Amino acid sequence: MTKLKGILLTQGMHGMISQVEGLAKALDIDFTHHTVEPNSFWKVLPPKLTPISQNVYKKINQDDFDVIISCGRKSVIPSIHLKNKANKKVFNIHIQDPKVDLNHFDFIVAPEHDALEGQNVISTKGAIHYLTENEISENQDYLKSLIKNDERKVWTLILGGPTKYYDYSTKNMKHIFTMLYKLLKKHDFQLVVIPSMRTPINTIHYAKEFFGDNHTVIMDVDKKAYLSSLAIAENIIVTCDSSSMISEAALTGKPIYVANILPKKNDKRFQRFRNLFRELNITRILGEEIENWNYQKLDETNRVASIIKQKINS
């Protein structure tokens, strides 16, 4: 049977790419990725005030496709427009709340903490993503030559980056690093620090300086190092700014501690996400008593894909 063809639309940010590619792979479609580029002043207007027109965005040079998977505000109008002008049946799927009439899409995939409702809405616990258990397992040995080969167990710290809600100031990072330093002394573990695309370079250098040569700080964005760290870690710590990386870590079934940062403004939406993961017994807060616990591995990407496959094939 010939695979369906898909186009993926995002603004090029890692979290968005992870979600659209993860769903495309789970749907088993052939796909190409396109970075959406709005024209002129359409860049600043929200989708609900933007006409559904080719004038809004730079032309996407792909004419033959069966599925559109989009994520992010700027991909909303291109997804609707491309579906409308297609000369055959095309399914369009938007990840996150599009902030327009939901009926423009065949499927909306939105996290439960967004409280979005509709007949075509598939609610998820956290963010869908592109990681798989096989990938994590296959890259288990990648860090062996980089970390300290001693008897200490490994804990992984995954760093996000500054947002309009959370500041990666030296003060905030020192607070997190100091808590971890006390724990690693008490429990005798070695730390592996993994940066993301949003992590400021000065934060990475500060981590290297703070934890010294007894621990491992990966200085560049390295997906294989990320996957390997998830595979070998006994416990995983993720900064609170990244719902996507907390969701990715939950695929392992391992204890996850969230490193909180005092918000600069109301972060109720992120609090709802973290409260949900705590209720699901996936996370604890860094600073609470260290313990071991189990939970069912969270694989929302494949669950969502199976729902969409059934509806597309029916």
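Buried residues make up 54% of the 314 residues in this chain; buried means under 20% relative accessible area, exposed over 50%, and partly exposed in between, with a 1.4 Å probe and protein chains only. This is a predicted model, in which local features need pLDDT of at least 70, side-chain atom pairs count only at pLDDT 80 or more, and totals for chains, interfaces and linings use all residues. Residues are numbered from 1 along each chain as its sequence is written, and side-chain values use heavy atoms, with hydrogens and water left out.

**Overall build**

- The chain holds nine helices and 12 strands. Helices (H or I, at least four residues) and strands (E, at least two) are DSSP runs, numbered from the N terminus.
- Along its principal axes, the C-alpha trace spans about 65 × 45 × 35 Å.
- Of the contacts in the chain with a separation of 6 or more, 68% join residues 24 or more positions apart. A contact means heavy atoms within 4.5 Å.
- The chain exposes about 15200 Å², and carbon and sulfur atoms supply 49% of it. Accessible areas come from the Shrake-Rupley method with a 1.4 Å probe; for residues, only the protein chains shown count as cover.

**The largest pocket**

- The largest pocket has a volume of about 1300 Å³. On a 1 Å grid over the protein atoms alone, a pocket is an open set of points with protein on both sides within 12 Å along at least five of seven lines, while a cavity is a set where a 1.4 Å probe fits but cannot get out; lining residues have an atom within 4 Å of a point.
- Grid points are joined across faces, edges and corners, and a volume is the space filled by probe spheres set on the points.
- The pocket is lined by 39 residues, and Met 13, Met 16, Gln 96, Arg 269 and Phe 270 lie nearest its centre.
- Five elements each supply at least two lining residues: helix H1 (14-27), strand E4 (91-95), strand E5 (107-111), helix H7 (243-249) and helix H8 (268-279).
- The pocket lining divides into 15 nonpolar, 16 polar and eight charged residues. Ala, Val, Leu, Ile, Met, Phe, Trp, Tyr, Cys and Pro count as nonpolar, Asp, Glu, Lys and Arg as charged, and the others, Gly among them, as polar.

**The cavity**

- A search of the whole structure finds one cavity of 30 Å³ or more.
- The largest cavity has 13 lining residues, with Trp 42, Val 56, Arg 73, Lys 74 and Ile 77 closest to its centre.
- About 80 Å³ of space lies in the largest cavity.
- The cavity lining is made up of 10 nonpolar residues, one polar and two charged.

**Helix H2**

- Helix H2 (residues 76-85) is largely enclosed by the rest of the structure, because eight of its 10 residues are buried.
- The buried residues of H2 are Val 76, Ile 77, Pro 78, Ser 79, Ile 80, His 81, Leu 82 and Lys 83.
- These buried residues pack against E1, strand E3 (67-71) and E4.

- Leu 4 is found in the segment before strand E1 (5-10). At 32% relative accessibility, Leu 4 is partly exposed.
- Not counting residues up to four places away in sequence, Leu 4 touches Ile 29, Asp 30, Asp 66, Val 67 and Ile 312.
- Leu 4 and Phe 65 are 61 residues apart along the chain, with 7.4 Å between their C-alpha atoms.
- Val 193 lies in strand E8 and is buried, at 2% relative accessibility.
- Beyond its neighbours within four places in sequence, Val 193 contacts Leu 157, Leu 159, Ala 207, Phe 211, Thr 216, Val 217 and Ile 218.

**Loop residues**

- Lys 99 lies in the loop between E4 and E5. Lys 99 is exposed, with a relative accessible area of 56%. Its phi is near 65°, a positive value in a residue other than glycine.
- Asp 188 sits in the loop between helix H4 (170-187) and strand E8 (189-194). The phi of Asp 188 is also positive, near 55°.
- Asn 294 belongs to the loop between strand E12 (283-285) and helix H9 (300-313). Asn 294 is exposed, with a relative accessible area of 68%.
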